[in-house]
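Here are a few exercises to work through with the model open in your viewer. Try each task before you read the solution.

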Number of protein chains: 2
Amino acid sequence: MSQLRRDPVTGRWIIVNISNSKTPEQYDLKPQVKKGGTCPFCPGSEKMTPPEIEAVRNKNTKPNTPGWSVRVVSNKFPALTIEGELDNHGIGIYDMSNGIGAHEVIVETTDHYKDLADLSIDEIKDVISKYRSRMSDLEKDPRFKYMLIFKNHGAPAGASLEHTHTQMVALPIVPKRVSEELKGASNYFGYRERCVFCDMIEQETHDKLRVVSENKDFISFCPFVPRFAFETWILPKRHDQNFHSISDEEIKEMAEVLKDTLVRLKKLLKDPPYNFIIHTAPVSDGANDHYHWHLEIMPKLTNVAGFEWGSGFYINQTSPESAAKYLKEVK
Amino acid sequence: MSQLRRDPVTGRWIIVNISNSKTPEQYDLKPQVKKGGTCPFCPGSEKMTPPEIEAVRNKNTKPNTPGWSVRVVSNKFPALTIEGELDNHGIGIYDMSNGIGAHEVIVETTDHYKDLADLSIDEIKDVISKYRSRMSDLEKDPRFKYMLIFKNHGAPAGASLEHTHTQMVALPIVPKRVSEELKGASNYFGYRERCVFCDMIEQETHDKLRVVSENKDFISFCPFVPRFAFETWILPKRHDQNFHSISDEEIKEMAEVLKDTLVRLKKLLKDPPYNFIIHTAPVSDGANDHYHWHLEIMPKLTNVAGFEWGSGFYINQTSPESAAKYLKEVK
């Protein structure tokens with residue numbers, strides 16, 4: 001069972017496993033992506049996962065059998081569980097809540113040896129469509145305040161299974177990083193009456209120094225203030241705060257820019273570990289002019305050290321201007 | 001040359017290498033602590049480092065020669081450099097500054113094969129005394145707003161040299177994490193007229209569930225809201241916002257609790273990678289009742305993944321109650 005706990009100083013939340021805490025021996029100090037054995041995400045292993053929630057599958061095939069090309073299931077080891085009611089309480093100076101939420105896995109392909117960058121644009125389109133439909137579905141549960149879609153690729157980026165997949169967590173609280181971003185965007189808007197992300201698109205298109213890839217509806221660039229070397233963001237050109245209001249046509253355009261960007265990163269950095277995260281507005285926020293959903297890709301080429309943990313400052317040895325130049329040159 | 005850049009949305013700063021950016025090939029995807037060869041921190045290699053700033057050394061020995069037991073030098077590859085004046089400027093919507101600051105290294109012992117946990121209490125006392133004297137000295141430079149003392153132990157925690165050492169960075173800006181902590185502590189004080197850290201000490205002493213080590217002046221415990229498994233904090237019992245006002249007697253008491261805590265972590269988790277960070281008030285803050293300096297030790301047993309990067313939420317598989325129990329049982 002997990003519990004949500006809130007730090008009384010910084011307001012930071014954690015999800016802590018209280019009923020089944022890991023012992024010192026259970027930490028493998030050289031974490032590896034599990035290889036070999038039977039993969040629960042491969043066709044034929046459908047019974048190894050919790051029941052299918054959604055899938056892109058051939059007509060005349062049944063759920064939880066082969067015949068799918070993208071498959072969504074609950075996480076077998078969820079950080080948060082869907083049963084129960086939220087229950088906030090305190091012990092002395094400390095605040096906590098029970099760990100209500102949803103934790104799903106989007107298996108992106110049947111092919112154990114491909115990763116997202118290797119899929120066709122049509123296949124990536126199907127994956128992004130599933131992100132949208134799962135998000136729209138979970139939004140209906142009034143207990144959930146925020147939906148986080150993220151991908152861990154490679155062990156240093158936290159992946160524990162090799163078969164390519166994305167995760168989605170529905171949270172009963174709007175997380176701190178998201179609130180900070182919303183507040184920052186709102187402050188910027190209050191001052192200039194313009195969306196900071198729309199302004200970024202304009203400046204990046206004008207400067208051209210940091211742009212990596214672009215089509216009609218999307219642009220990818222190395223942001224001016226990247227925490228990590230070769231960090232790259234993908235922004236929709238149309239201002240919208242919600243990822244899930246993306247249209248079918250925009251999904252195709254996004255798949256194109258996402259594939260092009262991931263292929264460039266993969267070739268240039270020899271299949272680097274990376275995380276990507278979709279930044280979108282909280283569920284209950286009405287339409288607004290200041291927030292703009294986007295996707296951030298963060299390669300993990302170095303280890304985060306005490307300086308970063310202590311300050312929130314990041315040291316980046318490769319400028320985004322230089323990173324974008326290398327990425328654009330990839331054939 | 002490095003540049004400070006400020007994210008227009010979140011206010012997060014980065015230090016970016018702009019004149020000598022690392023190329024894709026320069027990232028070693030399996031970072032290792034450098035072993036073998038000549039160690040620049042071993043006695044006899046004093047000429048391999050920038051000149052000595054301070055040292056604990058035998059009488060009749062000269063700076064930059066053997067005869068020392070603790071030695072402070074400038075970092076040979078500093079994140080920030082001490083020359084020049086601060087120069088804030090903007091490009092379009094972006095803010096930046098030149099990379100002014102200081103970056104020093106405290107070599108904790110002459111013995112290449114010992115780490116901080118292996119030193120005697122008297123030796124650790126000398127190390128902490130150097131933290132204090134360097135911090136007091138750098139405070140005199142009006143360009144510096146914050147001094148961060150941190151230690152990276154093991155490659156997964158960002159260490160690049162094996163010989164045990166601590167780093168200190170003087171920053172021209174109060175970093176975001178520090179401001180957040182100060183603000184949170186001030187809010188708590190505003191509401192209850194008590195220091196949140198003093199309250200924590202009282203609650204931990206009362207609950208006893210999470211205490212690891214304690215003596216007259218210091219207490220170490222697994223905090224109620226740990227980001228990382230086996231995270232342990234050391235707090236002085238006397239309320240003070242500034243680390244550098246620690247007395248000689250308190251330094252001895254701190255050395256005792258620090259050694260005891262590090263030895264327990266080392267034995268229990270088989271010499272885990274870890275970071276520790278001294279959290280102290282910014283230079284210019286006058287005395288206050290709400291902030292309380294302390295040291296946070298964060299073992300790095302797992303990799304930080306997309307969920308954490310996207311949310312600022314941390315998932316911890318070991319409860320602090322369980323971690324403290326294991327740590328207390330170490331013989």
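Predicted model: local features only at pLDDT ≥ 70, side-chain atom pairs only at ≥ 80, totals over all residues.

Residues are numbered from 1 along each chain as its sequence is written, while chains are lettered from A and ligands numbered from 1 in the order in which they are written.

**Exercise 1.** Work out what rotation superposes chain B on chain A.

**Exercise 2.** Describe the contact of chain B with chain A.

*Solution.* Count residues whose C-beta atoms, placed from the backbone, lie within 7 Å of each other. That gives 78 residues from chain B and 78 residues from chain A. On the chain B side, helix α2 (residues 176-192) gives the most, with eight residues. Helices here are DSSP runs (H or I, at least four residues) and strands likewise (E, at least two), numbered from the N terminus. Next, sort that side by class: 45 nonpolar, 21 polar and 12 charged residues. Finally, 100% of the interface residues of chain B are also interface residues in chain A, so the copies meet through the same surface.

**Exercise 3.** Find the order of the strands in the open sheet.

*Solution.* Strands pair if DSSP finds at least two bridges between them. Five strands line up as β15(A)-β2(B)-β1(B)-β6(B)-β5(B), with mixed pairing. β15 (314-316) of chain A and β5 (89-91) of chain B stand at the edges, each with a single partner strand, so one side of each is left without a neighbour in the sheet. Now zoom in: β1 (residues 2-6) and β2 (residues 13-17) of chain B run antiparallel over five bridges, and B:Arg6 has B:Trp13 as its bridge partner.

**Exercise 4.** Look at how helices α1 and α4 of chain B pack, and list the residues in contact.

*Solution.* First the geometry: α1 (residues 121-138) and α4 (residues 248-268) pack at about 115 degrees, with axes 8 Å apart. (Axes are lines fitted to C-alpha atoms, for helices over the stretch in contact, and angles run from 0 to 180 degrees between N-to-C directions.) Then the residues: α1(B) brings B:Ile121, B:Ile124, B:Lys125, B:Ile128 and B:Ser129, and α4(B) brings several, including B:Ile251, B:Met254 and B:Leu258.

How values were computed
Contact = placed C-beta atoms within 7 Å. Least-squares fit on C-alpha atoms with pLDDT ≥ 70 in both. Nonpolar A, V, L, I, M, F, W, Y, C, P; charged D, E, K, R; others polar.
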